[in-house]
Amino acid sequence: MTSHTTLEGLGSFVHEEIPTAEIDRLEEIHGPLVAAVRDLVDVTIRTRVDDAEVRRVTAAVKELTDRLGHDAMEGPAGVHYNSEGRSWNWGNAAVGMRNPVAPPLKVSHDDDGVTRGVASLGTPYEGPPGLVHGGASALLLDHLMGETASMRHSQVTFTGTLTMRYLAPLPLGEVRLEGRIERQSGRKVFVTAEISGPAGRAIEADGVFIVPRWAVRDGAGPA
């Protein structure tokens, strides 16, 4: 059984009765493909092979793309969930398990109230030479802070404002994030966060995340 819930101004949240074990199996199958495409993106930037080899690889990639596209869904990947409480958001730009563009960011909600994340940012995320692009940092912070505001997914929130302070250069490589809820006032959740690299804290952020009115009506947020 499949049902679609279309929210105000958004796409569909899709309820599909696919067993969690099957979702796990699909992720195990697709994981190596996503990792291989992620490696392809990285090496495409850095390769120095000759023109003829570039043309041959281009043809091979186009063939593989056609094969995968033979049976592909149309439109956004969306958010899917089943009655077992399992959800999958495979296209998400920050954490999408089947999105090679996503680093991906690994998020944990820890018992001390801090939401933590870790990601490995290589050449595709470069801005200044050897450093992470500021927009890539903003992407990760926005996602982590939204996860933080959700209070372990007990309420739906969307970004209202996001302010970032770049304190120091952030080198490419492993980065770590932390987010905290400072307070909540009605439908507004006030969140602070930071990204650290090997030399310590590099970026700070604060933001206001909003519980939409429809979520309050549907019982997925504060009254």
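With which residue does Asp-42 form a salt bridge, and how far apart are the closest N and O atoms? Asp-42 pairs with Arg-46, the closest N and O atoms being 2.4 Å apart, where a salt bridge is a side-chain nitrogen of Lys or Arg within 4 Å of a carboxyl oxygen of Asp or Glu. The model is predicted, so local features need pLDDT of at least 70 and side-chain atom pairs count only at pLDDT 80 or more, while totals for chains, interfaces and linings use all residues. Residues are numbered from 1 along each chain as its sequence is written, and side-chain values use heavy atoms, with hydrogens and water left out.

**Salt bridges**

- The structure holds 15 salt bridges; side chains of opposite charge can pair when their charged atoms come close.
- Asp-42 and Arg-46 are four residues apart in helix α1, and therefore separated by about one helical turn; helices (H or I, at least four residues) and strands (E, at least two) are DSSP runs, numbered from the N terminus.
- Asp-42 counts as buried at 17% relative accessibility, whereas Arg-46 is partly exposed at 47%; buried means under 20% relative accessible area, exposed over 50%, and partly exposed in between, with a 1.4 Å probe and protein chains only.
- Glu-178 forms a salt bridge with Arg-116, with 3.5 Å between the closest N and O atoms, and because Glu-178 lies in strand β8 and Arg-116 in strand β6, the pair ties together parts that are 62 residues apart in sequence.
- Asp-206 and Arg-165 meet through their side chains in another salt bridge (2.9 Å, N to O), which links distant parts of the chain, since Asp-206 is in strand β10 and Arg-165 in strand β7, 41 residues apart.
- Asp-206 is partly exposed, with a relative accessible area of 29%, and Arg-165 likewise counts as partly exposed, at 34%.

**Nonpolar core and buried contacts**

- The largest nonpolar core has 26 residues, and those with the most contacts inside it are Leu-141, Val-175 and Leu-177; such a core is a set of buried Ala, Val, Leu, Ile, Met, Phe, Trp, Tyr and Cys residues joined through side-chain atoms within 4.5 Å.
- Two or more residues of this core come from each of β6 (115-121), α3, β8 (173-185), β9 (188-197), β10 (200-210) and α4 (213-217), and α3 gives the largest share, six residues.
- Once neighbours within four places in sequence are left aside, Leu-141 is in contact with residues including Met-164, Leu-177, Ile-195 and Ile-203, contact meaning heavy atoms within 4.5 Å.
- His-143, in helix α3, is buried with a relative accessible area of 17%, and beyond neighbours within four places in sequence it is in contact with Asn-92, Ala-94, Val-95, Leu-105 and Val-107.

**Aromatic pairs**

- The structure holds two aromatic pairs; rings of Phe, Tyr and Trp (its six-membered ring) pair if their centres lie within 6.5 Å, and planes under 30 degrees apart count as stacked, over 60 as edge-to-face and the rest as tilted.
- Trp-88 and Trp-90 form a tilted pair, 6.2 Å centre to centre with 40° between the planes, and both residues are buried.
- Phe-158 and Trp-214 form an edge-to-face pair, 6.4 Å centre to centre with 65° between the planes, and because Phe-158 lies in strand β7 and Trp-214 in helix α4, the pair ties together parts that are 56 residues apart in sequence.
- Phe-158 counts as partly exposed at 36% relative accessibility, whereas Trp-214 is buried at 10%.

**Backbone features**

- The peptide bond from Pro-103 to Pro-104 is cis, with omega near -5°, and Pro-104 lies in the loop between β4 (87-88) and β5 (106-109).
- Met-151, in the loop between α3 (134-149) and β7 (158-166), has a positive phi near 55° although it is a residue other than glycine.
- His-153, also found in the loop between α3 and β7, has a positive phi of about 65° and counts as exposed at 60% relative accessibility.
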